[in-house]
Amino acid sequence: MTVARTLTALRRALLALVGLQFGVAVALSLVDSYRRRGKKPKPFPISGPDTVPVGDGEITTYTFGRDLYDDMLAAIDGAKKQILFETYIWKGDDIGWKFKTALTSAAARGVDVHCVYDGFANMVVSPAFKRFHPSLKVLRYPVWTAGFRVWDLRRYGRNHRKMLVVDEEVAFLGGYNIGSAYATEWRDTHVRITGPGVWDLKRAFADFWNLNRHHRLRRNERPLLIETASEWDPQIRVHKNVPRQWNFPIRSMYLEAINRASRNIWLTTAYFLPDQDLVDALADAARRGVDVRILLPLKSNHIVADWISRGYYGQLLRAGARILRFRDAMVHAKTATIDGSWSTVGTANIDRLSLQGNYEVNLEVIDAAFAEVMEEVFRVDESNCLELTLDEWEARDLNRKFTETFLAPLRPLL
């Protein structure tokens with residue numbers, strides 16, 4: 001009887017601790033939201049669109065949302081046969097309506113338009129905005145995806161992808177969601193590609209659509225059949241995380257590139273919550289003399305993620321890595337460039353949700369000219385950063401150390 005009572009007490013204590021951790025996380029979020037009210041965004045340095053030839057096509061890099069949206073809308077307006085549009089967040093604001101209107105107009109002139117957005121990410125968007133003309137084929141990835149299979153972890157991933165494919169001519173991929181704030185207030189990175197890489201992204205869209213088309217609840221819903229060329233471009237690879245198949249190649253892509261680095265690793269991420277293998281790989285690279293720089297927001301839009309991510313700083317700083325914190329704006333890019341030859345741009349953050357949970361797409365590019373562009377983008381961002389030193393980190397107060405430690409068990413959820 002004593003053992004039973006002890007176990008009951010332990011269970012209650014554990015539940016109370018977990019509840020308290022979640023309570024602290026919610027409280028931090030509420031306080032941060034209150035502090036942000038009425039604050040106007042500040043300007044930050046940007047790089048203009050930069051185009052380089054890669055393989056049999058071109059890659060244009062965007063670091064300012066307004067430039068990107070102008071070119072995306074122009075591509076939609078110029079579509080002749082098909083548009084495949086996918087986004088995590090689709091705000092019902094001015095920019096959101098511009099995209100909705102452009103897509104509807106394209107469908108009205110006979111273009112085959114498919115759209116995908118994530119239901120959970122858009123719960124606060126007006127229901128009126130989420131009513132689409134029947135000419136648009138729209139897949140709302142549902143808030144609850146597991147159905148009755150609550151035990152099946154493969155069915156809990158969110159659709160965190162952001163891409164646009166127009167005909168077989170051009171595709172866009174990166175971190176930008178669709179909304180007015182992202183046009184001018186956030187620092188993100190997207191690319192426009194032409195050439196064989198477009199076909200791979202087209203297939204990536206079709207794979208997701210066909211895997212989830214039953215969510216459209218139409219009896220005669222047919223699969224999206226894509227006819228594309230089968231040529232390979234050895235300089236460009238598209239990596240897709242597919243939770244349903246328990247397939248997460250983006251994490252492996254990062255680990256392989258980091259482990260092979262000999263000169264520099266310059267990494268930009270919105271949220272830095274890696275698993276220990278990734279932390280070890282970055283620390284080992286720094287110890288063998290690689291210039292490891294990790295650029296992330298000074299204050300992101302998710303304060304709990306900020307607090308939890310700080311638990312990795314000590315290991316990396318002691319190994320010789322540099323941590324750069326972007327000021328005055330939310331840096332939301334998901335990019336890296338290594339050794340002047342390897343780069344990646346995509347939708348996956350360096351956190352567990354992206355690397356081992358969500359549907360994501362990243363472009364891997366082996367090209368010196370593109371790596372040079374990515375390095376220049378990094379230098380511009382670095383000019384707007386505060387560097388965190390080891391002395392500064394070790395001198396932080398006890399309240400901060402306690403909060404970081406107390407919230408650390410929530411890392412696997414983020």
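Helices are DSSP runs of H or I with at least four residues, strands are runs of E with at least two, and both are numbered from the N terminus. The model is predicted. A search of the whole structure finds two cavities of 30 Å³ or more.

**The largest cavity**

- The volume of the largest cavity is about 60 Å³.
- Its lining is made up of R187, T189, W266, T268, T335, T337, M374, V377, F378 and D381.
- At least two lining residues are supplied by each of three elements: β11 (264-268), β16 (335-338) and α11 (368-382).
- Helix α11 provides four residues, the largest share of this lining.
- By class, the lining of the largest cavity holds four nonpolar, four polar and two charged residues.

**The second largest cavity**

- The second largest cavity contains about 30 Å³ of space.
- The residues M72, F85, E86, T87, K162, M163, Y176, I178 and H190 line the second largest cavity.
- Strand β3, which spans residues 82-87, gives the most to this lining, with three residues.
- Five nonpolar, two polar and two charged residues form the lining of the second largest cavity.

**Main contributors**

- For the largest cavity, the element with the largest share of the lining is α11.
- For the second largest cavity, the element that gives the most is β3.

Notes: Residues numbered from 1 in each chain as written. Predicted model: local features only at pLDDT ≥ 70, side-chain atom pairs only at ≥ 80, totals over all residues. Heavy atoms only, no water. 1 Å grid on protein atoms, 1.4 Å probe; cavity = no way out; pocket = protein on both sides within 12 Å on 5 of 7 lines; lining within 4 Å. Points joined across faces, edges and corners; volume = space filled by probe spheres on them. Nonpolar A, V, L, I, M, F, W, Y, C, P; charged D, E, K, R; others polar.
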